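Please read it alongside the structure shown below.

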Amino acid sequence: MTEQKKLQPLQAVKGMNDILPPESARWEWLEAKMRSVLQRYGYQNVRTPIVEPTALFVRGIGEVTDIVEKEMYAFEDRADKHGQAEHLALRPEMTAGVVRAMTEHSFLRDSGRRLYYFGPMFRREKPQKGRYRQFHQMGVEALGFAGPDVDAEVILMGSRLLRELGLVDGEHFTLELNCLGEVAERRAHREALIAHLEQHKELLDEDSQRRLYTNPLRVLDTKNPALQEMANAAPKLLDFLGEASLAHFMGVRAILDAAGVAYRINPRLVRGLDYYNLTVFEWVTDKLGSQGTVCGGGRYDGLIEQLGGKPAPAVGFGMGFERMLLLLEEVGVAPDAPVPDAYAIVPSAQGLAQVMVALEALRAEGVAVVMHPGQSSMKSQFKKADGSGARVALIFGEDELAQGLVAIKPLRDAQAQQVTRPLADVTSWAHELRNA
Ligand code: ATP
Ligand code: MG
């Protein structure tokens with residue numbers, strides 16, 4: 001006899017979550033809310049591969065960033081028959097992929113594009129509440145528009161979305177805004193900043209020491225509390241902006257002011273990715289600890305050219321799905337769980353085909369009806385009907401079926417009477433079942 005070895009059940013990868021009912025219903029609800037807003041602004045859906053060449057992110061996001069240095073799931077694929085192996089990565093964000101796709105398919109040749117996406121992203125971070133290794137984003141990219149009107153448009157769209165979800169500006173979230181200017185302005189600021197950081201070198205942690213010369217702006221993006229004072233006193237990029245950048249910034253602000261969208265100017269807002277210029281913004285909340293950024297974005301006029309496309313301006317944002325759901329839960333915004341209109345109780349296997357044909361006819365009329373699967377006692381079928389949340393039970397008893405009828409029993413309204421209806425003509429009464 002060979003010894004049977006008990007197989008251990010496998011588990012999901014650390015930091016990667018299953019999204020199961022009833023939680024998944026909240027995801028669908030949020031997605032539908034987002035789509036409704038996006039479509040009102042004329043944004044169109046794009047879907048790009050999860051796996052891209054590693055070089056896309058190295059070139060797009062920047063070599064000296066947390067994402068590329070430490071967080072990317074990058075690997076060498078198997079060699080092909082010539083012994084060549086491709087360097088591939090799971091996407092840590094989607095802007096670079098969208099830009100690649102638009103360039104590859106010459107989508108920006110004739111006009112700009114307003115796009116949105118949903119999907120999983122991957123970063124090898126320390127998992128915690130609101131920070132995962134597979135997480136999900138909804139994002140928008142408006143490509144080929146120089147702004148500031150389109151900068152303001154994407155901000156208005158994000159703001160509308162938050163408000164339509166029931167979140168209250170100033171109470172549940174704040175919009176932070178900054179202008180990063182252009183390359184020459186950042187270079188002048190950079191010199192002043194490096195000088196400032198050199199004066200406080202002994203304060204800098206290992207990461208910051210290393211970035212002092214490679215990416216000093218990112219030193220200010222630190223979450224290290226010991227560095228806050230030094231970062232607050234650092235030279236501000238806003239003071240180095242020229243006329244054109246300031247005009248752009250004022251253009252965005254004038255529209256937001258006119259539309260009554262509140263914002264706080266945060267001169268230290270630089271964002272984690274290298275490709276931004278001019279307008280940058282984040283929606284932050286104090287309800288999620290250090291995972292307080294629910295949405296971040298900005299203008300990235302250099303990226304398309306950086307990725308080998310014909311130069312074109314662009315602006316967009318990425319919104320974290322998990323963080324949005326956590327925030328909504330935190331402040332008590334809960335969507336109604338979807339419930340069926342009716343639950344079908346089938347006392348015996350006799351006439352099952354007739355029952356299922358009737359249920360099909362009801363579904364064709366738009367009724368959401370869940371059938372009790374298999375046979376079980378009436379008691380347990382009624383228990384399931386109750387638990388389903390349906391307003392009525394359809395009882396396909398043998399006597400009713402013999403007469404071509406179904407009994408409709410109200411489950412929620414004690415005053416309402418049980419009625420019978422003819423199966424031959426569901427169109428005449430199906431509307432009675434649909435929830436208002
Ligand atoms: P953070 O500063 O919190 O690390 P980030 O600047 O790296 O965020 P972006 O690259 O701008 O984030 O991504 C856009 C949005 O995606 C964030 O505002 C956040 O809501 C969400 N997000 C980013 N990383 C994660 C993650 N690891 N888990 C869950 N959500 C995330
Ligand atoms: Mg990050």
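The text below covers domains, then salt bridges, then surface patches.

The model is predicted. Its domain assignment gives domain 1 (23–179 + 262–330), domain 2 (182–240) and domain 3 (342–434). Taken over C-alpha atoms, the centres of domain 1 and domain 3 are separated by 46 Å.

Side chains of opposite charge can pair when their charged atoms come close. The structure holds 22 salt bridges.

| Salt bridge | N to O distance |
|---|---|
| Glu 52 and Arg 100 | 2.7 Å |
| Arg 100 and Glu 104 | 2.7 Å |
| Arg 114 and Glu 153 | 2.8 Å |

Arg 100 pairs with Glu 52 and also with Glu 104. The salt bridge between Glu 52 and Arg 100 links distant parts of the chain: Glu 52 is in strand β2 (residues 51–53) and Arg 100 in helix α4 (residues 95–104), 48 residues apart. Both Glu 52 and Arg 100 are buried. Arg 100 counts as buried because its relative accessible area is 19%, under the 20% limit. Glu 104 has a relative accessible area of 52% and is therefore exposed, the cut-off being over 50%.

The side chains of Arg 114 and Glu 153 also meet in a salt bridge. This pair, too, links distant parts of the chain, with Arg 114 in strand β5 (residues 113–122) and Glu 153 in helix α5 (residues 149–164), 39 residues apart. Arg 114 is partly exposed at 29% relative accessibility, whereas Glu 153 is buried, with a relative accessible area of 17%. Elsewhere, salt bridges that share partners join Asp 66, Glu 69, Lys 70, Asp 207, Arg 210 and Arg 211 into one network.

Two surface patches remain to be described. Glu 76, Asp 77, Asp 80 and Glu 86 gather in a patch of negative charge on the surface. Among them, Asp 80 is found in the loop between β3 (74–76) and β4 (87–90), and this residue counts as partly exposed because its relative accessibility is 40%.

The other patch is nonpolar: Ile 50, Val 51 and Phe 75 make up about 210 Å² of surface. Phe 75 has its place in strand β3 and, at 37% relative accessibility, counts as partly exposed.

Note on methods:
Residues are numbered from 1 along each chain as its sequence is written. Chains are lettered from A and ligands numbered from 1 in the order in which they are written. This is a predicted model: local features need pLDDT of at least 70, side-chain atom pairs count only at pLDDT 80 or more; totals for chains, interfaces and linings use all residues. Side-chain values use heavy atoms; hydrogens and water are left out. Patches are made of residues with over 30% relative accessible area and no salt bridge: like charges are joined within 9 Å, nonpolar side chains (Val, Leu, Ile, Met, Phe, Trp, Tyr) within 5 Å. Accessible areas come from the Shrake-Rupley method with a 1.4 Å probe; for residues, only the protein chains shown count as cover. A salt bridge is a side-chain nitrogen of Lys or Arg within 4 Å of a carboxyl oxygen of Asp or Glu. Lys and Arg count as positive and Asp and Glu as negative; His and the chain ends are not counted. The place of a charge is taken as NZ of Lys, CZ of Arg, CG of Asp or CD of Glu. Helices (H or I, at least four residues) and strands (E, at least two) are DSSP runs, numbered from the N terminus. Buried means under 20% relative accessible area, exposed over 50%, partly exposed in between (1.4 Å probe, protein chains only). Domain bounds come from an automatic or database domain assignment.
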